[in-house]
Amino acid sequence: MKKKAFAVTLTALFTANIQANTVGLYLGGQIWQSEASGIFGEKNMLIDFNLKKEQQNNYFVAIEHPFPLLPNVRISSTTLDTTGKTTLTQEFSFDGETFFIDADVNVDASFNASYVDYTLYYQLFDNGLFSFDLGLTARDFDGAVTAIGETINIITTTHVEDHPGHTPDHTGTEVTSYYTPTGKIKTDEIFPMLYVATNISLSLTGLSVFAQGDFLLIDDHSLYDFQVGLSYNLFDRPKMNFNLTLGYRAVKMEFEDLKNLYTDLEFKGAFFGVIVHF
């Protein structure tokens, strides 16, 4: 549903740009090779699931206009998915499910904390060589954190009652059932964040240095998302320019009792992207 809303918004912004040549439209995307590290679980039961390095995707649309009292708008969608596996060294509970210690049994984890950012911001300064943006972001998480144990065989025996004077021809029937312990906590929350972005052009080179970050505004959790990198203006035309970007991105998620979910995780790594400006 959110991806459809994102596409509708993209179309609407593109149409607005066609109708008003004073409005600038930015479209961009990234491929991000993120390496995950850290622990998550419930209170006092945080486990390292050896989360894998995964390729993540990000794409955004932004619209800037010349009206000083109205904020610019930026909408960005980021996937943040990874999986992991561990052998428990202590009893572990997650979402009301208990996973017991077994030297031969693994517990799999699936971590999906994808999100959409809705940002309103002002360009406080821009002289062609240096720009500085400041605004507010509503980060809308839409995912789930899941722990899955190995399937357990449960064997039960149905006993036959003895009757006086009769010898039963069997003692009972064995019935086998299967159970897979599973715990799942959804991450469907919205967090207010401070948005900051800056860009410094390196004269006569086509290169610029940029930095961008979102930082949580409330104290219950610790959450930040920042990136720094280089942008190269591949070509510049009167109605369109095309930039290549290369940089480093880091996302920190330290949640304290988010629907009984506790995390201390970091995703970081290099990214490659493109930005088109109409």
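Q: Leaving aside neighbours within four places in sequence, which residues is Lys259 in contact with?
A: Contact here means heavy atoms within 4.5 Å. Once neighbours within four places in sequence are set aside, Lys259 is in contact with Ile185, Lys186, Asp188 and Glu189. Before we go on: this is a predicted model, where local features need pLDDT of at least 70, side-chain atom pairs count only at pLDDT 80 or more, and totals for chains, interfaces and linings use all residues. Residues are numbered from 1 along each chain as its sequence is written, and side-chain values use heavy atoms, with hydrogens and water left out.

Q: Where is Lys259 found?
A: Elements first: helices (H or I, at least four residues) and strands (E, at least two) are DSSP runs, numbered from the N terminus. Lys259 sits in the loop between E18 and E19.

Q: Is Lys259 buried, partly exposed or exposed?
A: Buried means under 20% relative accessible area, exposed over 50%, and partly exposed in between (1.4 Å probe, protein chains only). Lys259 has a relative accessible area of 45%, so it counts as partly exposed.

Q: What do the side chains of Lys259 and Asp188 meet in?
A: Look for a salt bridge, that is, a side-chain nitrogen of Lys or Arg within 4 Å of a carboxyl oxygen of Asp or Glu. Lys259 and Asp188 make one, at 2.5 Å from N to O. Lys259 lies in the loop between strand E18 (241–254) and strand E19 (262–277), and Asp188 in the loop between strand E14 (182–186) and strand E15 (190–202), so the pair ties together parts that are 71 residues apart in sequence. Asp188 is partly exposed too, with a relative accessible area of 39%.

Q: And what about Lys259 and Glu189?
A: Their side chains also meet in a salt bridge, with N and O 3.7 Å apart. This pair again links distant parts of the chain, Glu189 being in the loop between E14 and E15, 70 residues apart from Lys259. The C-alpha atoms of Lys259 and Glu189 are separated by 9.5 Å. Glu189 counts as partly exposed, at 25% relative accessibility.

Q: How many salt bridges are there in the whole structure?
A: A search of the whole structure turns up eight. Another of them joins Asp214 and Arg139, with the closest N and O atoms 3.7 Å apart. Here Asp214 in strand E16 (residues 207–216) is tied to Arg139 in strand E10 (residues 130–141), 75 residues apart. Asp214 counts as buried, at 4% relative accessibility, and Arg139 is buried as well, at 0%.

Q: Which residues are linked with Asp214 and Arg139 in a network of salt bridges?
A: The network takes in Asp117, Arg139, Asp214, Asp225 and Arg249.

Q: Which side chains does Arg249 make a polar contact with?
A: A polar contact is a pair of N or O atoms within 3.5 Å; within protein, one must be able to donate a hydrogen and the other to accept it, and residues adjacent in sequence count only if both atoms are side-chain atoms. The Arg249 side chain makes one with that of Gln30, at 3.4 Å, and one with that of Tyr115, at 3.3 Å. Arg249 lies in strand E18 and is buried, with a relative accessible area of 3%. Leaving aside neighbours within four places in sequence, its contacts include Trp32, Asn58, Thr78 and Phe271.

Q: How do I read the sheet formed by four strands, and what is its order?
A: Strands of a sheet pair through backbone hydrogen bonds, either parallel or antiparallel. Two strands pair if DSSP finds at least two bridges between them. In this model, four strands form an open, antiparallel sheet in the order E5-E8-E11-E14. Its edge strands, each pairing on one side only, are strand E5 (81–87) and E14. Six bridges join strand E8 (residues 106–112) to strand E11 (residues 144–149), and Phe111 stands opposite Val145 in E11.

Q: Which residues have the most contacts inside the largest nonpolar core?
A: A nonpolar core is a set of buried Ala, Val, Leu, Ile, Met, Phe, Trp, Tyr and Cys residues joined through side-chain atoms within 4.5 Å. The largest one has 33 residues, and Phe40, Phe94 and Met253 have the most contacts inside it. Strands that each supply at least two residues of this core include strand E1 (24–42), strand E6 (92–94), E8 and E11. Apart from it lies another core of five residues, among them Phe60, Ala62, Tyr121 and Ala197.
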